[in-house]
Amino acid sequence: QVQLVESGGGLVQPGGSLRLSCAASGSISSFNRMGWYRQAPGKERELVTAITRGGSTSYADSVKGRFAISRDNAKDTVYLQMNSLKSDDTAVYYCHAYSSRSGGMDYWGKGTLVTVSS
C-alpha cells in the first residue's frame with residue numbers, strides 16, 4: 001500500500017541544476033532509510049545517495065559535491081538537489097525506501113527521467 005511518486009525530471013543543459021522530489025503515501029519517518037538510485041542507458045542500476053532515519057547521508061563518489069539529499073518529514077517528501085549536471089548523469093532516477101518491518105521491505109517509485117544534453 002506504500003507508494004512513492006517521483007517528480008521534477010526533465011531536460012537540462014550540462015552545468016545546470018534540477019531538483020527531484022519523492023512524495024510518499026505514508027510517514028517517511030517510519031522507514032529505516034530512503035534514497036535515490038539511477039539507471040543509465042546500458043548500465044546497471046546504482047545507488048546515488050541515501051539518508052537514514054537518523055539523518056546520516058551517503059553519496060556515490062561520482063556525485064559527491066554536486067548532489068544533495070534532503071527530506072521534509074512534515075511533507076513526507078525526500079528531495080534530490082542536483083547541481084553541475086553532466087551528460088553522464090543522464091538516467092532514470094528512482095526513489096527508494098527501506099523498512100525493517102515484516103522481515104525487510106523495499107519500496108520503489110516508477111522513476112523520473114533526467115536528460116542532460118546540450
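In which sense do β1 and β3 pair, and over how many bridges? I looked this up and found that β1 and β3 are antiparallel, with four bridges between them. I count two strands as paired if DSSP finds at least two bridges between them; strands are DSSP runs (E, at least two residues) numbered from the N terminus.

I note that this is a predicted model, in which local features need pLDDT of at least 70, side-chain atom pairs count only at pLDDT 80 or more, and totals for chains, interfaces and linings use all residues. Residues are numbered from 1 along each chain as its sequence is written, and side-chain values use heavy atoms, with hydrogens and water left out.

**Entry: the open sheet.** I traced four strands in the order β1-β3-β8-β7, with antiparallel pairing. At the edges I found β1 (4-7) and β7, each of which pairs on one side only.

**Entry: strand β8.** I find strand β8 (residues 77-82) largely enclosed by the rest of the structure, because five of its six residues are buried (under 20% relative accessible area, 1.4 Å probe, protein chains only). Strand β3 (residues 18-24) runs antiparallel to β8 and is joined to β8 by six bridges; here I located Ala 23 opposite Thr 77. Strand β7 (residues 67-72) also pairs with β8 in the antiparallel sense over six bridges, and Ile 69 stands opposite Leu 80.

**Entry: the turn.** I noted four residues between β7 and β8 in their hairpin, where Asp 76 in the turn has a positive phi of about 50 degrees.

Methods:
Buried means under 20% relative accessible area, exposed over 50%, partly exposed in between (1.4 Å probe, protein chains only).
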